[in-house]
Amino acid sequence: MDSNWRDKKLYPALGIFVLSGFIYLNFFDHINISFPILLRSPSKMGFVGVNGTRFVLVENGSLESPATGREVYVNGWNSYWLMEESVWGPSRYRVSDMLKRGAEMGMTVCRTWAFSDGARPNDLQTQPGVFNENVFKGLDYVVYEARKHRIRLILSLVNNLNAFGGKAQYLRWAEEAGVNITSSPDSFFSNPIIKEYYKSYVKAILTRKNSFTGVKYSEEPAIFAWELMNEPRCKSSSSAPDLQAWITEMATFVKSLDRKHLVTVGLEGFYSLNLTENYGANPGEWAASLGSDFIKNSAIVNIDFASVHAYPHSWIPNADLEAKVKYLSKWVDAHINDSENVLKKPVLFTEVGALLTTRTGGSYDRDVLLRTVYNKIYESAKKREAGAGVLIWQLLVEGVEEYSDKFSFVPWKYPSTYKLILEQSCRLRNTTSQSLKNRKVHHKDPCFSQKTG
């Protein structure tokens, strides 16, 4: 190739092309133009599988024989807002920043919404099976950026609550279509038309080909797991069999489309009335009346790991800090023990939230409560038991305050909490066979200077 032609024409042309791609991806992605996928080749990652009560890396991409994989323990976080902020180019830097910052704290898993149902401009599903392509590209971007930063995502597929549409929106769609449904929201779990709406949505997500990478979601190792629903509850405890049947049916359906990813329910972890000796771990009698049951729902064969939430400030609001710590310790112990001895599956505490502003003895309540859960998980990991990780609720970056609730915070504004999160990330990583003693590290590694134990 003539060097003069190369220097004067080829290199400037390539530079303009790359710059155009950068501008498009960050500012004009609402225009229906596609740049070559080869410019966005993803980094290499393995899938995560289950071996008994532990998560393991599956190098060959098959969850059928993961026994040889390296163990995985999770320190992670929730940022439900990632897709919403990725719809338009100018706000995408916030998503990139959150994933980058999470990685800098040594965290490896982020849980976020892969749903938004309704008629808002940024809703993903505008009618059953009808999708806003701009919003889908936003979700593509979240997955793409997660892989770039070596973060794995737990993608939740529908909300039990009304925020972002939820099961109430599915009921409205059915009513608008003339479907004869009962007045109870529990018909979401039993009505065959509504169940087909949900399946159609799930199929669209799992078979989606990422517009940035060309990789199908079902083939994407940056996805840790599919979560069937955020916090499933029934209006009436008599609907518990419908919820159990729905979980069974939908977990089987997900597995029929995708054998490479894990599936979890999205439970809060409540025990139904007197079914187990750990019924007393519930925060109150009300928790047994919601139709969900940690043991029965999590024992379903196609559910790969159990999920639990913890909100002492909301669940036992009148208790002092000492009582909250005692309750939280009992709550975590009960679920680790049941996962280890009854379910024989890993358990993730996928939402752990505490108030930010309260100080007792010079420490934030949040730090005291978070440390309580972190220590329980660390001890479980050292013993190779079922307690597999914690995801804090929820983390923000500057500029996304509209998604804040009373448990949300920007972690680098709270050095004590930031340090706590980083220490947990590093000591969990040191429990695996790929500890810092057995591999090369460098100064950019977030655990390089951390003393753990």
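I began with a term: two strands pair if DSSP finds at least two bridges between them. By this rule, β5 and β8 pair in the parallel sense over 5 bridges. I note that the model is a predicted one.

**The sheet.** I next looked up the whole sheet. It is open and has 8 strands, in the order β10-β9-β8-β5-β4-β15-β12-β11, with parallel pairing. I found β10 and β11 (306–310) at its edges, each pairing on one side only. On average, neighbouring strands of the sheet are turned by 25 degrees against each other, direction ignored.

**Around β5.** I recorded that β4 (residues 74–78) pairs with β5 (residues 109–113) in the parallel sense over 3 bridges. There, Trp-77 has Cys-110 in β5 as its bridge partner. Towards β8, I read Ile-154 as the bridge partner of Arg-111.

**Around β8.** I then followed β8 to strand β9 (residues 223–227), where the parallel pairing runs over 4 bridges. Trp-226 in β9 is the bridge partner of Leu-155. Is β8 buried or exposed? I found that 5 of the 5 residues of β8 (residues 152–156) are buried, so the strand is largely enclosed by the rest of the structure. Arg-152, Ile-154 and Ser-156 point one way, Leu-153 and Leu-155 the other.

**A helix on the sheet.** I located helix α12 (residues 415–429) across β4 and β15 (387–392), running at about 145 degrees to β4.

Technical notes
Residues are numbered from 1 along each chain as its sequence is written. This is a predicted model: local features need pLDDT of at least 70, side-chain atom pairs count only at pLDDT 80 or more; totals for chains, interfaces and linings use all residues. Side-chain values use heavy atoms; hydrogens and water are left out. Helices (H or I, at least four residues) and strands (E, at least two) are DSSP runs, numbered from the N terminus. Axes are lines fitted to C-alpha atoms, for helices over the stretch in contact, and angles run from 0 to 180 degrees between N-to-C directions. Contact means heavy atoms within 4.5 Å. Buried means under 20% relative accessible area, exposed over 50%, partly exposed in between (1.4 Å probe, protein chains only).
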